[in-house]
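This report describes selected features of one protein chain. The sequence and the structure come first, and the description follows.

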Amino acid sequence: MTTYNTRNPIGSGAAKDFFDNAQNLDYLANSQSLNEYPDRFGVPRATINGMQVKFSAQMVSQALQFNTQITQQAAKFDTQIKQEDRDWRIQNESQRLAAAGALQQQALNYYSMIQASGYQVAGTYAAGLVISDFNKVVVVEGVVYKPMPTTPIPYVLTGVPATDLPKFYAIGDGQLKTQMAQNTGLSLLGHFTGGNAAQALTYVTPELFGAGKTGDDTGAIQNAIDFAIANKISTVVGCNAYNISDSLLIAGAGVQGVTVRLMQLKVMDSFISPKDADGNVEEIGLWNAPPTVRIGDNASNMANVNLHIDYLDGNNRADGVANFGFGYALSHIHVGYAVNCVRVIASGQHLWPNASIKFTGYYWVNNWIGMIAENGLSTGTSPIVEGWKIEVCFMAANRYGGIWMRKSGHYAQIRGDLDFNGRWLSVGRLSAETNLGTMDGLKGLRITNGTTQSEFLFRYTFQGRIYVVLAEGRNVSIGESSGSSYKAGDVLTCTTMPAVSLTLDGVSVCADNPSGTNFFDILHDFDGQPFSAMTIDCGYLSTVIGSMLHTNDIRFHNSFNRISSSTNGLAVGNSGEVMSLHNLAHSDDPFFNLSSKWVNFDRKFYMKERKYTGSEVLATVASSDSAYLDVLAVHDLGTDKTADEGSKYRIEIESNYQGCGASFDIWLKGEGNVSVTKRTMLNRAFKFRWVEILGSDGVTPVGIMLQLRQQAQPSINFLINIVRAN
């Protein structure tokens, strides 16, 4: 007997109404028609609500009619449902296949590695796929699985992951990523301490933040620096060449510091332009170029900053490294190769002491100037610059000099070699000046002789003369140009300070000495300062110009000045025959010369209240009316003789007996010929005489002896001073 499914369409609609409208169940139960024609109608007995019923032929006919209608309607409805179901399945399958395809592609990236490791890919997970050996792997939604040692081989996949996967374990990147993220993840790579990659991260790179993708690496480098400082990661390492269109900023490092090392930094043509206070773009000059790297913030003075740039190209648009805000101290800035920078190292925008910083490099060439050290803003708290350690292997051919210590940089220590710097400078010596002092410390002043304008840099006093240093707009060195735009007799005026007037009586430029080897390498701008107290210790350096050089310890060599080294202005020269001492604060000429034969002071010999002494003898002479006491032997010496002139001495005799003394000259020719001249006696309470000293033969004179006798006191102390006069 068949039991009808009431969810079939016949259980609803018209067919359901037919059964509901039947007269009564008795009529259906007593009907015999259905039993009489079971095969004709094909309708079996039915159980409805637990009762076995039979249908008459009329009822069956009506039911069949209704059923036909219902079946047609149901078929139409069923077709619609199936179409919607099919559309949904197609869409869902498409999405699933896309996701599976993405995972599959990830898995394919590991196939080569897997194959190289001895594994072979059997295929993508599906029912019926045979895993025939333990080195066969299967890819399940992007994750690679291999059979466990306990899995029976060959193994036929059922297609049911819950059944198959417990017999496999994942060897793809999915599980590896999960394991690597654990606190023991690095142990999978043989790292002896364990931990994970994040815990082992001690540096970041600009490439992690997108460097190299757009042609402008400013944002990537900046993000790397900011991320390292914020997360207390010690180092940013950039091992490629980077282009920047804006200044990089190192800020917020405090005293924990940060290390930023970049292989190459190039300023782009689109690099930011300097602007005035009103926001108008300015022409790039010595004082307004934006830096490639700014160091500082408004929170604290940073320390432990280690900036290392192997190659820096400023594109004649930018400074190298500059400070601002509280700036930095106790740090190390290294620029290996610097070219086309306005200032490789700049200062002057800080509000706090920026001291004891080490600056190093290998080759700084063809920049406007290598370094300008200057104090910071007047609104700051002692914004000084001092104690810098500057060591560049070779600083050469920079327009306006190698290093300019601008009334700042006390206690600096400079090492390295410098040459060919300052070829765009004219140094004028003044014969007269009016209001020159009003220009001190001002930037950007323009000086003209009526024909050519230059920038006034600074003035200095040296050996009693006043000089002005002018930055011309071209190379003015001898041999490379027509020379300076200025000459002796020119009267210079300032374009913005009409009360200033300067008269030149001489002009110097680079290479104007006979050997063509003098260049302005270090500008020592300390006029008006009490001292600078610097140590300059260079292998080769052309010259240092400026005031207060005598307050420094300067040691260097060059090819045209034999007295380049000095300590507090004292220079020592030595030709091999004569050693000379020079006070360079006053003159290049020596004040003292010493040879193997003589000593020459080229100045007055000023003893103040001191006496000069030859050989001194103190003798105590007891009272006697006849006996003389030997007190001093004198000889005709052979030293310092030009002719056969004998020896002349000046004798001074003093005593502790008031008014008792004498003075006289003696002249000896040989040992037996004595003359006494210029004799003066004070108080004749004593007597003196000269007697010959005879040799061992008792006949030959070998000298003379000064003898004294007195009888005025029990004893008198005599002090005899003898000075050779010829």
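In this predicted model, five strands make up an open sheet, ordered β40-β47-β42-β43-β44, with antiparallel pairing. Its edges are β40 (615-622) and β44 (673-682), each of which pairs on one side only. From one strand to the next, the twist averages 20°. Within this sheet, β43 (residues 661-669) and β44 run antiparallel and are joined by eight bridges. Lys669 is placed opposite Asn673 of β44.

**The chain as a whole**

The chain contains 10 helices and 47 strands. It has 726 residues, of which 40% count as buried. Among contacts between residues at least 6 apart in sequence, 62% join residues at least 24 apart.

Strand β34 covers residues 553-557. In a regular strand, side chains alternate between the two faces of the sheet. The covered face of β34 carries Ile554 and Phe556, while Asp553, Arg555 and His557 are on the uncovered one. β34 has a parallel partner in β32, to which four bridges join it. In that pairing, Asp537 stands opposite Arg555 of β34. β34 also pairs with strand β35 (residues 566-567), here in the antiparallel sense and over two bridges. The bridge partner of Ile554 in β35 is Ser566.

Two residues of the uncovered face, Asp553 and Arg555, also form a salt bridge with each other, with their closest N and O atoms 2.6 Å apart. Asp553 has a relative accessibility of 21% and therefore counts as partly exposed. Arg555 is partly exposed as well, at 36% relative accessibility. Both residues belong to a network of salt bridges that links Glu391, Arg415, Asp537, Asp553 and Arg555.

The structure holds 22 salt bridges.

| Salt bridge | Distance, N to O |
|---|---|
| Asp553 and Arg555 | 2.6 Å |
| Glu480 and Arg423 | 2.7 Å |
| Arg459 and Asp527 | 3.0 Å |

What does the salt bridge between Glu480 and Arg423 tie together? The side chains of Glu480 and Arg423 meet at 2.7 Å. Glu480 is in the loop between β28 (465-471) and β29 (491-494), and Arg423 is in the loop between β24 (413-419) and β25 (425-434), so the pair ties together parts 57 residues apart in sequence. Glu480 is partly exposed, with a relative accessible area of 45%. Arg423, in contrast, is buried, with a relative accessible area of 18%, the cut-off for buried being under 20%.

The side chains of Arg459 and Asp527 also meet in a salt bridge, at 3.0 Å. Arg459 belongs to strand β27 (residues 453-462), whereas Asp527 is in the loop between β31 (522-525) and β32 (535-541), so this pair ties together parts 68 residues apart in sequence. Both Arg459 and Asp527 are buried.

**Cysteines**

How many disulfides does a search of the whole structure find? The search finds zero. Cys239 counts as exposed, at 53% relative accessibility. For Cys393 the relative accessibility is 44%, so this residue counts as partly exposed.

**Helix α10**

Helix α10 consists of 13 residues, numbered 218-230. At 1.5 Å a residue it should span 18 Å, and this agrees with the 18 Å between its end C-alpha atoms. An α-helix has 3.6 residues a turn, so residues three or four places apart point the same way. In α10, the buried residues are Thr218, Ala220, Ile221, Gln222, Ala224, Ile225, Ala228 and Ile229. These buried residues pack against four strands, namely β9 (203-204), β10 (235-244), β11 (248-250) and β12 (258-267). After α10 comes Lys232, which has a positive phi, near 55°.

Technical notes:
Residues are numbered from 1 along each chain as its sequence is written. This is a predicted model: local features need pLDDT of at least 70, side-chain atom pairs count only at pLDDT 80 or more; totals for chains, interfaces and linings use all residues. Side-chain values use heavy atoms; hydrogens and water are left out. Two strands pair if DSSP finds at least two bridges between them. Axes are lines fitted to C-alpha atoms, for helices over the stretch in contact, and angles run from 0 to 180 degrees between N-to-C directions. A salt bridge is a side-chain nitrogen of Lys or Arg within 4 Å of a carboxyl oxygen of Asp or Glu. Buried means under 20% relative accessible area, exposed over 50%, partly exposed in between (1.4 Å probe, protein chains only). A disulfide is a pair of cysteine sulfur atoms within 2.5 Å. The expected span of a helix is 1.5 Å times one less than its number of residues. Contact means heavy atoms within 4.5 Å.
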